[in-house]
Amino acid sequence: MKTTISEVSKYVGQEVKIGAWVANKRSSGKIAFLQLRDGTGFIQGVIVKTEVPEDVFLQAKSLTQESSIYVTGVVQKDERSPFGYELLVHGVELIHHAVDYPITPKEHGTEFLMDHRHLWLRSRRQHAVMKIRNEIIRATYEFFNNHGFTKIDPPILTGSAPEGTTELFATKYFDEDAYLSQSGQLYMEAAAMAFGKVFSFGPTFRAEKSKTRRHLIEFWMIEPEMAFCEFKENLEVQENYVSHIVQSVLKNCTLELHALGRDTSKLEQIKAPFPRITYDDAIKLLHEKGFDDITWGDDFGAPHETAIAESFDKPVFITHYPTSLKPFYMEPDPNRSEVVLCADLIAPEGYGEIIGGSERIHDFAFLQKRLEEHQLSSDAYKWYLELRQYGSVPHSGFGLGLERTVAWISGVEHVRETIPFPRLLNRLYP
Ligand code: 4AD
Ligand code: MG
């Protein structure tokens, strides 16, 4: 029976055939252990010299790292294995003999591994991170589909810049100027007025000259937008959504979290509601923690976010930032025009901001004024303003950065390991 490693539990005691790669091999005169992977999982194959024809044993012993094979054998339960099963191998059919696979079981430097990202993806660790990423994406669709949201795809090539003009990737659109999307938000606002509750999931681009463990040039964002939704309700959607993805990973990625050595007790407590702290109180908290330099009106850097997050064991919303720190579209607090109805969600354990969101301005004249203040051409934003001319309603939304969320949940240090082929300040290869 041809099957995959992920399905072997259905065939205990039966003979199966699996297409696999040899991740590693150990052998002595009498027995060989093959660490096999097939993309769906990992399993150990055991070949005992006295139980197979001599050529099969010799063939197995001569297998090199990353050679591809069809392997046949009987599935056995194995309590000692983290995967629960092993394969008692009877036959090995070589498909391709790999010579000098560059990533050996010894330690390699990060730059070397990044140069071999196309191969590094095969490793147990990278496989686990990508599986967790996949589970977060699956749970995202599940959450928003279950809560009445419609998936809408905003364009990638645009003429507008929701998050400020300094970090845009400019390109030519025939003879017009265009940019790669830095956020689909403005289009999602149009979509919310047509479909009520919408979400997008797609790539976004920021020509940020930042070289930190939290910054990618190309990253994926989930951007929900809701009509008839005010500030407070927006935060409730966010905490329920983030709880759902964390609990889904805990439930469906036990092997992966184990492979990464993730402390899952920290994730188990990630359940809504999440704490909220205003920007004003966050400044006070930072002063208490010895950050004397920061004053009202300053933006928070990574060390500030980490220090604030340390006071909580769940993600924390920092709300009501100064208007001057945030983009043009955010609705001011009606009682205090110097702050906006926004929140950043800061992940625990130093992973920083994973969500930025806000209520949006829905008054036509006020939005027009804000666009002027930000020197954004009213031609490019004409359509966006028109959303405020025909049945304008209070609406809110947010953007969750997928890679930072994967980094936090997986417990990996740097976002470069959370996307298959990272685009970094100095890296477009492979
Ligand atoms: O806070 P940001 O810039 O918000 C927006 O783009 C809004 N328009 C979203 C919305 O309301 N629809 O980005 C949102 C999130 C951040 O919290 C962060 O998680 C992630 O996107 N992010 C990045 N992730 C990796 N690398 C970068 N350079 C990132 N910049 C933002
Ligand atoms: Mg932000």
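## The nonpolar cores

In this predicted model, the largest nonpolar core has 58 residues, and Phe144 and Trp408 touch the most other members of that core. A nonpolar core here is a set of buried Ala, Val, Leu, Ile, Met, Phe, Trp, Tyr and Cys residues joined through side-chain atoms within 4.5 Å, and buried means under 20% relative accessible area, with exposed set at over 50% and partly exposed in between, using a 1.4 Å probe and protein chains only. Apart from this core lies another, of 31 residues, whose members include Ile318, Phe328, Tyr329 and Leu376. In soluble globular proteins, nonpolar side chains tend to be buried together.

Contact is taken as heavy atoms within 4.5 Å. With neighbours within four places in sequence left aside, Trp408 is in contact with Val242, Val246, Arg262, Leu267, Ile270, Pro315, Ala347, Pro348, Glu349, Tyr351 and Ile354.

## Helix H13

Helix H13 (residues 402-410) is mostly covered, with nine of its nine residues buried, and just after H13 Gly411 takes a positive phi of about 75°. Helices (H or I, at least four residues) and strands (E, at least two) are DSSP runs, numbered from the N terminus.

## Strand S17 and its partners

Seven of the nine residues of strand S17 (residues 352-360) are buried, so S17 is largely enclosed by the rest of the structure. Two strands count as paired if DSSP finds at least two bridges between them. Strand S16 (residues 342-347) is joined to S17 by six bridges and runs antiparallel to S17, with Asp344 standing opposite Gly356 in S17. S16 and S17 form a hairpin with four residues between them, and in the turn Glu349 has a positive phi of about 60°. Six bridges also join S17 to strand S18 (residues 395-401), again in the antiparallel sense.

Gly357 lies in strand S17 and is buried, with a relative accessible area of 3%. The bridge partner of Gly357 in S18 is Phe398. Not counting residues up to four places away in sequence, Gly357 touches Asn234, Met330, Cys342, Ala343, Gly397 and Phe398. The C-alpha atoms of Gly357 and Glu236 are separated by 12 Å, although these residues are 121 residues apart along the chain.

## The five-stranded barrel

Five strands make a closed barrel that runs S1-S2-S3-S5-S4, with mixed pairing. Neighbouring strands of this sheet are turned by 55° against each other on average, direction ignored. Axes are lines fitted to C-alpha atoms, for helices over the stretch in contact, and angles run from 0 to 180 degrees between N-to-C directions.

Strand S3 (residues 42-48) and strand S5 (residues 85-96) run parallel and are joined by three bridges, and Gly45 stands opposite Leu87 in S5. Helix H1 (residues 54-61) lies across strand S1 (15-27), strand S2 (31-37), S3 and S5, running at about 80° to S5.

## The packing of H9 and H10

Helix H9 (residues 279-288) packs against helix H10 (residues 302-309) at an angle of about 90°, with their axes 10 Å apart. That makes H9 roughly perpendicular to H10, since angles of 65 to 115 degrees count as roughly perpendicular, under 35 as roughly parallel, over 145 as roughly antiparallel and the rest as oblique. Ala282, Leu285 and Leu286 of H9 and His304, Ala307 and Ile308 of H10 make the contact.

The residues of the contact of H9 with H10 divide into five nonpolar, one polar and no charged. Ala, Val, Leu, Ile, Met, Phe, Trp, Tyr, Cys and Pro count as nonpolar, Asp, Glu, Lys and Arg as charged, and the others, Gly among them, as polar.

## A three-stranded open sheet

Three strands form an open sheet in the order S7-S9-S8, with antiparallel pairing. Strand S7 (157-158) and strand S8 (170-173) stand at the edges, each with a single partner strand, so one side of each is left without a neighbour in the sheet. S7 pairs with strand S9 (residues 176-180) over two bridges, and the bridge partner of Leu157 in S9 is Leu180.

## The chain as a whole

The chain has 13 helices and 18 strands, and 50% of its 430 residues count as buried. Along its principal axes the C-alpha trace spans about 85 × 55 × 40 Å. Of the contacts with a separation of 6 or more, 67% are accounted for by residues 24 or more positions apart.

## Conventions

Residues are numbered from 1 along each chain as its sequence is written, while chains are lettered from A and ligands numbered from 1 in the order in which they are written. Because this is a predicted model, local features need pLDDT of at least 70 and side-chain atom pairs count only at pLDDT 80 or more, whereas totals for chains, interfaces and linings use all residues, and side-chain values use heavy atoms, with hydrogens and water left out.
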